[in-house]
Amino acid sequence: MQKSVSIKDLSLSFGAVNVLENLNLDIGDGEFLVLLGSSGCGKSTLLNCIAGLLEPTGGQIFIKNKNVTWEEPKDRGIGMVFQSYALYPQMTVEKNLSFGLQVAKMPRPEIDKRIARAAEILQIGPLLKRKPSELSGGQRQRVAIGRALVRDVDVFLFDEPLSNLDAKLRSELRVEIKRLHQSLRNTMIYVTHDQIEALTLADRIAIMKSGVIQQLADPNTIYNAPRNMFVAGFIGSPSMNFLRGEIAGRDGHPVFVTNGVEFALDGYGASEALQPGRKVVLGVRPEHVAVNAEGAETHQATVDIEEPMGADNLLWLKHAGHTLSVRVGGARRFAPGTAVKLSFDMGLASLFDAGTEERI
Ligand SMILES: Nc1ncnc2c1ncn2[C@@H]1O[C@H](COP(=O)(O)OP(=O)(O)OP(=O)(O)O)[C@@H](O)[C@H]1O
Ligand SMILES: [Mg+2]
């Protein structure tokens with residue numbers, strides 16, 4: 001992997017509070033990397049260090065193999081797009097786009113060429129003469145992206161660029177950002193707390209908790225093989241079902257037991273780690289439990305609540321002293337109180353050590 005941005009042993013403290021400690025992260029050339037985590041975990045702090053808006057307490061940052069740790073933001077080859085747009089209110093869209101280039105003394109024909117290109121890519125041509133107050137939120141955010149685009153930067157940094165928009169605009173602009181990346185192939189580092197944005201946009205997701213990257217992997221791996229219970233619970237809606245229990249042996253095969261109910265673990269790998277007596281947590285996503293399927297090992301359960309969602313129907317079931325969420329097709333309806341049979345797909349399940357909460 002050709003590196004675009006490399007973060008080495010980065011630390012940052014605000015007074016006595018250590019927000020980042022010895023963080024390491026390599027981002028590939030042309031990669032779309034998403035920093036995902038809940039509020040206050042240090043996403044913006046990390047992005048601002050890369051941008052040069054915050055001075056790290058320790059460590060180094062390289063962009064295109066150049067040590068930029070002490071460079072000014074303008075000399076780093078980065079363009080930043082904020083949640084708050086940060087447009088100049090008294091300037092037209094065109095002026096907002098050209099201002100930085102004029103300050104940098106770029107020749108006018110080149111400026112015009114770049115604005116025309118950005119306006120075409122972002123479909124803001126008809127808006128160039130307007131002021132930001134005459135634009136919708138989505139249009140303002142497009143202009144803010146345009147301002148990074150005209151600078152022809154190596155690396156785009158986005159800090160929650162869509163979170164001020166309503167749900168419909170958010171999903172539209174999300175697709176546009178993806179299209180932008182597909183055509184430009186710039187390196188993009190994108191901060192969000194929205195798991196859907198992370199899953200849909202990222203080549204790789206770095207999922208953070210308290211300033212520490214918990215897992216760095218492609219969305220599919222993060223979703224299907226979460227490294228620990230934090231990652232497993234953070235990604236997926238509704239959340240993965242967690243059942244506490246322990247491993248037991250049946251006829252030489254490991255099984256999972258919770259509240260006296262047994263689950264065969266035939267499809268699960270890592271069988272040598274499944275020692276009888278080990279306290280574990282079984283994690284199963286709502287779509288990995290089949291209802292009234294033929295053949296497989298089945299468990300009795302009762303429908304408690306049904307939440308029809310159009311394409312899907314979400315069932316909340318009572319099973320072995322737990323409440324389970326299970327996703328079925330929208331056309332399959334179950335009245336509360338209905339007895340059903342559940343089959344668990346252990347090939348897609350996760351087992352975690354109950355003490356360390358790490359994946360087994
Ligand atoms: N200037 C500051 N002085 C002191 N503490 C700060 C400062 N800026 C941020 N922090 C603290 O650092 C931690 C990380 O903040 P950061 O802004 O990076 O979080 P975040 O992950 O971007 O959260 P959000 O999703 O809410 O934007 C938080 O606990 C925050 O309170
Ligand atoms: Mg933030």
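An oxygen atom of ligand 1 lies 3.0 Å from a polar backbone atom of glycine 42 in this predicted model. The protein covers 55% of the 640 Å² of accessible area that ligand 1 has on its own; accessible areas come from the Shrake-Rupley method with a 1.4 Å probe, and for residues only the protein chains shown count as cover. A polar backbone atom of cysteine 41 is 3.2 Å from an oxygen atom of the ligand, and for an N or O atom in the side chain of serine 39 the distance to a ligand oxygen is 2.5 Å. A polar contact is defined as a pair of N or O atoms within 3.5 Å; within protein, one must be able to donate a hydrogen and the other to accept it, and residues adjacent in sequence count only if both atoms are side-chain atoms.

Local features need pLDDT of at least 70 and side-chain atom pairs count only at pLDDT 80 or more, whereas totals for chains, interfaces and linings use all residues; side-chain values use heavy atoms, with hydrogens and water left out. Residues are numbered from 1 along each chain as its sequence is written, while chains are lettered from A and ligands numbered from 1 in the order in which they are written.

The shell around ligand 1 consists of Phe14, Val19, Ser38, Ser39, Gly40, Cys41, Gly42, Lys43, Ser44, Thr45 and Glu160, a residue being near a molecule or strand if one of its heavy atoms lies within 4 Å of it. By class, three residues of this shell are nonpolar, six polar and two charged. Here Ala, Val, Leu, Ile, Met, Phe, Trp, Tyr, Cys and Pro count as nonpolar, Asp, Glu, Lys and Arg as charged, and the others, Gly among them, as polar. Helix H1 (residues 43-51) gives the most to the shell, with three residues. Helices (H or I, at least four residues) and strands (E, at least two) are DSSP runs, numbered from the N terminus.

In H1, eight of the nine residues are buried, where buried means under 20% relative accessible area, exposed over 50%, and partly exposed in between (1.4 Å probe, protein chains only). The buried residues of H1 are Lys43, Thr45, Leu46, Leu47, Asn48, Cys49, Ile50 and Ala51. Glycine 52 follows H1 and has a positive phi, near 90°.

The protein as a whole has eight helices and 20 strands. Its C-alpha atoms fill a box of roughly 80 × 45 × 35 Å, taken along the principal axes, and 48% of its 360 residues count as buried.

Helix H4 (residues 137-150) has 14 residues and reaches 20 Å from its first C-alpha to its last, close to the 20 Å expected at 1.5 Å a residue. The expected span of a helix is 1.5 Å times one less than its number of residues. Because 11 of its 14 residues are buried, H4 is largely enclosed by the rest of the structure. These are Gly138, Gln141, Arg142, Val143, Ala144, Ile145, Gly146, Arg147, Ala148, Leu149 and Val150.

Helix H5 (residues 167-184) has 18 residues, which should span 26 Å at 1.5 Å a residue; its end C-alpha atoms are 26 Å apart, in agreement. Leu173, Glu176, Ile177, Leu180, His181 and Leu184 are the buried residues of H5. They cover an arc of only 140° around the axis and therefore lie on the same side of H5, the arc being that of the directions from the helix axis to the C-beta atoms. An α-helix has 3.6 residues a turn, so residues three or four places apart point the same way. Ala167, Lys168 and Arg179 are exposed on the other side of H5.

The loop between H5 and S8 contains arginine 185, which has a positive phi of about 60° although it is not a glycine. Threonine 187 is in strand S8 (residues 187-192) and counts as buried, at 0% relative accessibility. Its side chain makes a polar contact with the side chain of serine 4 (2.9 Å).

Serine 210, in the loop between strand S9 (204-209) and strand S10 (212-217), also has a positive phi, of about 45°, without being a glycine. Serine 210 counts as exposed, at 60% relative accessibility. A cis peptide bond, with omega about -5°, joins serine 237 and proline 238. Proline 238 lies in the loop between helix H8 (229-234) and strand S11 (241-250). Most residues other than glycine have a negative phi, and most peptide bonds are trans.
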